[in-house]
Amino acid sequence: MAIKRLCNGLPSSPLKPFPPYRFAGCYAIFGFGPARNQARQHGAGFGSLRRPSLGDALEAGAAVGREIHGTKFIVASGAMQRFMLLVERVAGHTETVLITGETGSGKELIAGSIHEYSYRHGKPWIDINCAALPEHLVESELFGYEKGAFSGADSSKPGLFELADKGTLFLDEIGELPPHIQVKLLRVLDGAAYYRLGGHRKITVDVRIVAATNQDLEAAVREGRFRKDLFHRLSQFQLRVPPLRERPEDVAALAGHFLRLKSEDLRFNAEAMSALQSYSWPGNVRELRNVVAKVAMAASGPEISAQNVRAELSAEKQSVEIPLPAGDLQDMERQMVMKALENTGGHRAKAAEQLGISRRTLTRKLSEYKITAPTSDPSQALGTLSLKQKKFFRARVEMPVVLRDSRGQETRVKAVNLSVGGMGLEGLPDPRRSEGLVDVSFVLPTTQTQIEAKAQIVWADLDGRAGATFVVIEPAMYKELQQWTNERMKEEGWELPL
C-alpha cells in the first residue's frame with residue numbers, strides 16, 4: 001500500500017515568521033531529554049537521525065518540505081508545524097502510537113514520519129490496511145502460516161510481524177480488526193510470543209506498532225466493537241491530525257503546488273485562493289488535489305478566478321455532500337448510506353469513501369439494514385431482528401425529558417428516539433453544560449412508568465440535537481424499558497428472535 005501523496009515540492013513563498021518562544025519548549029526536547037537518551041540506547045545518537053528537526057525551520061518562520069518514503073509534502077501552517085514537532089517528539093520514544101483524523105488528512109504520512117524520525121528508520125517499514133483484507137486472511141497476513149496449515153498453504157510464509165522485526169508495523173484502519181485478532185494483537189503488544197497458523201514454534205519479535213483510524217474508537221469501545229484494553233494499549237501516544245479546514249495556510253500552499261504540477265503557467269488570483277481557503281474540505285487533501293486538477297483542466301487562460309473555483313466547489317459539494325436526514329439515529333445512518341450509494345451509482349468503494357468508512361463496514365451495514373420480506377405486504381413482518389440488532393433498536397418517540405447536571409441545574413429537552421441503551425434528543429441548548437454524567441428523568445410513552453437513570457451525552461451538534469447513553473439504570477426500570485421496546489418492535493412489524 002503506497003503512502004498517499006500530498007505534494008511533491010515546496011510553496012513559492014515562505015510563511016510569516018512565528019515568534020520563537022511559541023516553539024521553544026517543544027524544540028528543546030528534540031536536542032535533550034528522553035528522546036535523545038532513547039536513541040542513544042539503541043546506538044543511534046540523536047544527531048545521527050536521518051531527518052533534520054523542524055526546529056531550525058520553525059524559528060526561521062519558513063514553510064517546511066519533508067520527504068517520507070520518497071513522497072514530499074508541505075507543512076505550511078502554524079498548526080501543522082506545531083503538530084509535526086509533536087510527531088518528532090513521539091518518534092523518539094518506543095511506545096505504540098494511535099493516529100486519528102478524518103479521511104484524506106494524511107494519517108499515513110504521519111505514520112511514515114514517526115518511522116523515519118525514529119531510531120528504527122534504517123529497519124523495515126511494513127504497512128497493512130486492515131479493512132482491505134478479507135476477515136479470514138487477516139490473521140495469516142499478520143502472523144504468518146506454516147506449510148499445510150490450510151488448503152492452499154503449499155509453503156510456509158512469515159507474517160507481517162516477522163517482516164517488521166526491529167522496525168515499524170503500520171496498521172491502517174485498525175478499527176476494522178476482527179475481535180479474535182484484537183485479542184491476539186493485544187498479547188503480542190504485551191510482549192508475548194505467538195505461533196504462526198499451524199505452527200509449533202513460538203516467535204518473538206521487536207516491533208513498534210503505529211495504528212491509524214478515522215473512526216471514533218472510544219465510541220467503538222462503548223458499543224463493544226473494539227476491546228477497551230487494546231484501545232488503551234494502542235493509544236499510549238495519541239495524535240489527531242488536524243483537518244484541512246483548520247489550517248488554511250496549508251490550503252494555499254498545497255493548492256499552489258497542485259496547480260504547478262498541472263501547468264507552470266497557471267495561477268490562482270487572490271479571490272480564487274480566498275474561495276479555496278473558505279471551503280470546509282470534507283475530503284481534506286485528497287479532495288483539494290482533485291478540485292485543483294479539475295479547475296486546471298477547465299482553465300481557459302493563465303489566471304483562475306474565484307468564479308471558476310466556486311463553480312467546481314459547487315459541483316463537488318452536490319456530488320459528494322450527503323445532507324443530514326431527519327429521524328432517529330438508525331434512520332439517519334440508513335438514509336446516509338443509501339444517499340452515498342445513489343451518488344456513486346451503487347459503487348460501494350466510492351460510497352464508503354464518501355461516508356468516511358471502510359468498504360467492509362459499509363458491507364456490514366448494508367447487511368444489517370437488509371429487509372427479508374416485501375414491505376408492501378402488511379401481512380408479513382418486516383424481518384427478524386437479531387439479538388444484537390434488538391439491543392440497538394430505536395423507537396421513534398416525542399416526549400419531554402429532564403436533564404439535571406452535577407450542579408443541580410435542570411434542562412428540559414425533547415426525546416425523538418428511545419432504546420434500552422439511550423436516546424436521541426432535541427433542544428439541548430449548550431452541550432458543555434451536560435458534560436460528565438447527567439440525571440435523566442422521563443415517563444415512558446403510553447404508560448405511567450417513571451424512568452430515572454444516569455446518562456452521558458456522547459455526541460451533540462450545533463442545532464441542539466444530541467445522543468445520550470444510559471450509564472446507570474436500576475434493574476427494575478431497565479426491565480420496564482426492555483418490555484416497552486419489545487412491544488414497540490412488534491408494533492412496527494419486526495419479529496423477535498426466539
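Trainee: In β18, which residue is the bridge partner of Gly422?
Mentor: Strands of a sheet pair through backbone hydrogen bonds, either parallel or antiparallel. Here, the partner of Gly422 is Thr469 in β18. Before we go on: this is a predicted model, where local features need pLDDT of at least 70 and side-chain atom pairs count only at pLDDT 80 or more, while totals for chains, interfaces and linings use all residues. Residues are numbered from 1 along each chain as its sequence is written, and side-chain values use heavy atoms, with hydrogens and water left out.

Trainee: How many helices and strands does the chain have?
Mentor: You'll find 19 helices and 19 strands. Both are DSSP runs numbered from the N terminus (helices are H or I, at least four residues; strands are E, at least two).

Trainee: In what sense do β15 and β18 pair, parallel or antiparallel?
Mentor: Antiparallel: strand β15 and strand β18 (residues 466–473) are joined over 4 bridges. Two strands count as paired if DSSP finds at least two bridges between them. Met423 is part of this too, with Ala468 in β18 as its bridge partner.

Trainee: Which strand joins β15 by 4 bridges in a hairpin?
Mentor: That's β14 (residues 410–418), which runs antiparallel to β15. The hairpin of β14 and β15 has 3 residues between its strands. To find the pairing by eye, look for Lys414, whose bridge partner in β15 is Glu426.

Trainee: Why is β15 described as largely enclosed by the rest of the structure?
Mentor: Because 4 of the 5 residues of β15 (residues 422–426) are buried. Buried means under 20% relative accessible area, exposed over 50% and partly exposed in between (1.4 Å probe, protein chains only).

Trainee: Which strand is joined to β18 by 7 bridges?
Mentor: Strand β17 (residues 450–460), running antiparallel to β18. Lys454, for instance, has Val472 in β18 as its bridge partner. The hairpin of β17 and β18 has 5 residues between the strands, and there Gly464 takes a positive phi near 90 degrees.

Trainee: What do these strands build together?
Mentor: A barrel! Follow β13-β14-β15-β18-β17-β16: these 6 strands close up with antiparallel pairing. From one strand to the next, the twist averages 45 degrees.

Trainee: And which 5 strands form an open sheet?
Mentor: In order, they are β4-β5-β8-β3-β9, and the pairing is parallel. At the edges stand β4 (125–129) and β9 (237–240), each with a single partner strand, so one side of each has no neighbour in the sheet. The twist in this sheet averages 15 degrees from strand to strand. Inside the sheet, 4 bridges join β5 (residues 168–172) to β8 (residues 208–213), and Leu169 stands opposite Ile209 in β8.

Trainee: Which strands does α4 lie across?
Mentor: It lies across β3 (97–100), β8 and β9, and runs at about 160 degrees to β9. Axes are lines fitted to C-alpha atoms (for helices, over the stretch in contact), and angles run from 0 to 180 degrees between N-to-C directions.

Trainee: At what angle do α4 and α5 pack?
Mentor: About 45 degrees, with the axes of α4 (residues 78–91) and α5 (residues 107–116) 8 Å apart. On the α4 side, Met80, Phe83, Met84, Val87 and Ala91 meet Ile110, Ser113 and Ile114 of α5; contact means heavy atoms within 4.5 Å.

Trainee: Which residues of α8 are buried?
Mentor: An α-helix has 3.6 residues a turn, so residues three or four places apart point the same way. In α8 (residues 179–189), the buried residues are Ile181, Gln182, Lys184, Leu185, Leu186, Val188 and Leu189. They pack against α6 (135–143), α7 (160–163), β5, β6 (194–195), β8 and α10 (228–234). After α8 comes Gly191, with a positive phi near 95 degrees.

Trainee: Where is Gly301 found?
Mentor: Look in the loop between α13 (284–298) and β11 (303–304). Gly301 is partly exposed, at 24% relative accessible area.

Trainee: Zooming out, what share of the chain counts as buried?
Mentor: It's 47% of the 498 residues. And of the contacts between residues at least 6 apart in sequence, 67% join residues at least 24 apart.
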